[in-house]
Amino acid sequence: MSDVIDRPVLEQEPSANSRLRIIDCDIHPSLHSRADLNPFLSKRWQDHLKTYGDHLRTPYIGTTPYPRSSPLIARRDAWPPTGGPPGSDLAFMRKQHLDPFDVEFGILQVLDLFIFSQQNLDFGAAIQRAINEWQLANWSSREPRLKASILVGQDDTEAAIAEIERCAKLGQYVQINVSPRANEPLGRHRYWPIYARAEELGLPVGIHVGGYGGHAPTGGGWPSYYAEEHQSNAHTVAATLEFGYRRRAGALPAAEDRVHRGRIRVDLVDDVANGPAFRTLPQRGAASQAASVRIRAGAFLVHDPADRRAGRGAAPAIPDRMGRRRSPAVLVGLSALGFRRSALRVQDAAERNRTRENLQRQRAGALQTMIP
Amino acid sequence: MAATRIDCDIHPAVGGTRTTLLPYLDDHWKEQVVSRAIDGLDLTSYPPDMPLSGRADWRPAKGKPGSDLKMVQRGAFDQLGASHAICNVLYGAQAVYDPYMASAFCKAINDWIAAEWLARDSRLRASIAIPLQAPDLAIEEIERRAGDHRFVSVLVLAQGESLLGRRQYWPVWQAAEKHKLPIAIHAGSQYRGAPSSVGWPSYRYEYYLAEAQAFQAQVLSLIYEGVFLKFPGLKVVLMESGVSWLPAFMWRANKTWRGVRVEVPWIDREPAAIMRDHIRLTTQPFDSPPDAKGVAEIIDMIDCDKMFLFASDYPHWQFDGDDAIPPHLPASIVSRMCADNPLETFPRLSLAA
């Protein structure tokens, strides 16, 4: 029994005459444990994974450089009753997410193991292949609504192309995923072979925030707080758009196949829906006009989180300013459908009060000690 | 007497360390710059010949844009109609690695601007160039200028060695607050790290766009580290940062704060509210939408008419013609940003020099 899923429909929420189905472009499946990958790794790489593990440009082995605000950045009700991390249990994902929201297709975005950022490129190539196989074996072949992504670390471009070729032959994958934070910005020439192949194959390029490129998260250096680091993801994506794609994509796709094919898609998952990229483009001169036109034609945004303006009447017409309200290009995200709202309903009121009291107490203490 | 119109960002140019600044260096540094040929410290952010660094009609026949006082007077005052103007000198003193050299060059820049610009035109004011590489030396330089009210702010670059909210800089902000000097963060980089989290871009165009994000990171740093709690009288001016990115940035900051504020419990109100109280922006470039409706929406979304400060960014090429006020700004904003807001932001403007 879940308050979210099993709550009765309220009077003010009547069923619509037509059925709205959604394609969720950002679902995170998780490994139950790293040993899940063993069936897809040679003995040599199984041993490497077990003995050495990751080698990433970040200080800690076992956690992220900036501690998050909740374990694994997950909603508290997302932990499967069978154990394991959120996103690791297909039956629970069906029950909690795919079924109640009538998700027509869900696109998998694997974040485990940071395959994009492994310093050891051979290890990176081995685990990217293993992760790609694991998506088919454990997810999309068991649940046809879920669609797998070809994860490739772009810094070994040759290995990336080889993996794209291998996966494309299988015909099961719907996009190619690269990392926004790598050795160099995504627009640099060295990465173009990946885009050329993506275009030929009719696969969009998905870019999910994250990765350890070794550069400070901001142009001004390393911040102290997760609050800052988290917002720097918006900078990453804006910079990626600005630093841009030289390959001009074709005509806008038809609504029916908007997710599946034919385009370079910038997938701003977990990130800026209304980010600064569209506002910082200079308006003067033919060349800069062309840049914003290119972004409009080639970039797609996923809507969660959407950084809306709160209160004060109608929200301004940001999609209009982005030039695509009536185009099929703004992908539907769950927050727009009230997912967040229902999540809030189940949050325990007493716990909210405790949080508030905790914050007040911490603030008083902090003001005395940290900011004397 | 013309109406008050304070141009908060113009750029006199230093010719060179061995030429312009030489008379203002002590014997040690005179010897050093000559014998070691320490010169050519123009910032990589602003190559003098790049179109952005100087509008065609504001380039002198000889020398860098902004190097000729008479030409600057004709441009900033006669042509663009300012009643006063604040000089922000962008020269590489702020980027050198040697803290003593940085300190000597900043001191020379401030002595030079006082003697050869402020003394020759009573309409001019200046920001204090400081060697932030060594906070104690930066404070010395602030104290040295504090008695001279023609210095109205403290100048730092948007991309330095570390984010400006961090504790090692607090004593500098304390000195600035004490002397009613706002912190002017100007576009430009020490090139200590990549200008963005995705690495080093190929083109200047990309670099210049990434500047806006560096400003955003500085604003978040100053807010979350608690600088404005510690120094409630401190104002920060973003210069040449662009403006129209602000609404989406504010929403995102509020959203992130609501989610993760447990980490920074001393911040007990929305970051956008703190921005409205403490952050100011100069209006060139504005990167405005092309239509009046779009501009009105941006202004409405920012929701604070105190944040805008008039600036031409002379001699940088941000616009053509004689009107430095971005198109479609409502009259109420224009009058505030030309006089009330600068006077409130730079309190020393009202003091006798």
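In this predicted model, B:Ala129 stands opposite B:Leu155, a residue of strand β4 of chain B. That pairing belongs to an open sheet of 8 strands in chain B, whose order is β1-β2-β3-β4-β5-β6-β7-β8 and whose pairing is parallel. Because β1 (6-10) and β8 (308-309) of chain B stand at the edges with a single partner strand each, one side of each is left without a neighbour in the sheet.

**Strand β4 of chain B and its partners**

- Strand β3 (residues 124-129) and strand β4 (residues 151-159) of chain B pair in the parallel sense over 4 bridges, and within this pairing B:Ile128 stands opposite B:Val154 of β4(B).
- Together with helix α4 (residues 135-145) of chain B, the strands β3(B) and β4(B) make a β-α-β unit that is right-handed.
- Strand β4(B) also runs parallel to β5(B), to which it is joined by 5 bridges, and B:Val156 has B:Ile185 as its bridge partner in β5(B).
- Since 9 of the 9 residues of β4(B) are buried, this strand is largely enclosed by the rest of the structure.

**A helix across the sheet**

**A:Leu108 in chain A**

- When residues up to four places away in sequence are not counted, A:Leu108 touches A:Ile27, A:Pro29, A:Gln135, A:Trp139, A:Leu146, A:Lys147, A:Ala148 and A:Ser149.
- By contrast, A:Ile61 stands 47 residues apart from A:Leu108 along the chain, and the C-alpha atoms of the two are separated by 25 Å.

**Contact between chains A and B**

- Across the interface, 57 residues of chain A are in contact with 61 residues of chain B.
- On the side of chain A that touches chain B, the elements giving two or more residues are α7 (226-243), α8 (277-280) and α12 (349-369) of chain A, and the largest share, 14 residues, comes from α7(A).
- Sorted by class, that side of chain A has 25 nonpolar, 21 polar and 11 charged residues.

Notes:
Residues numbered from 1 in each chain as written. Chains lettered and ligands numbered in written order. Predicted model: local features only at pLDDT ≥ 70, side-chain atom pairs only at ≥ 80, totals over all residues. Pairing = 2+ DSSP bridges. Contact = placed C-beta atoms within 7 Å. Buried ≥ 20, exposed ≤ 12 C-beta atoms within 10 Å, placed from the backbone. Right-handed = clockwise from strand over helix to strand, strands pointing away. Nonpolar A, V, L, I, M, F, W, Y, C, P; charged D, E, K, R; others polar.
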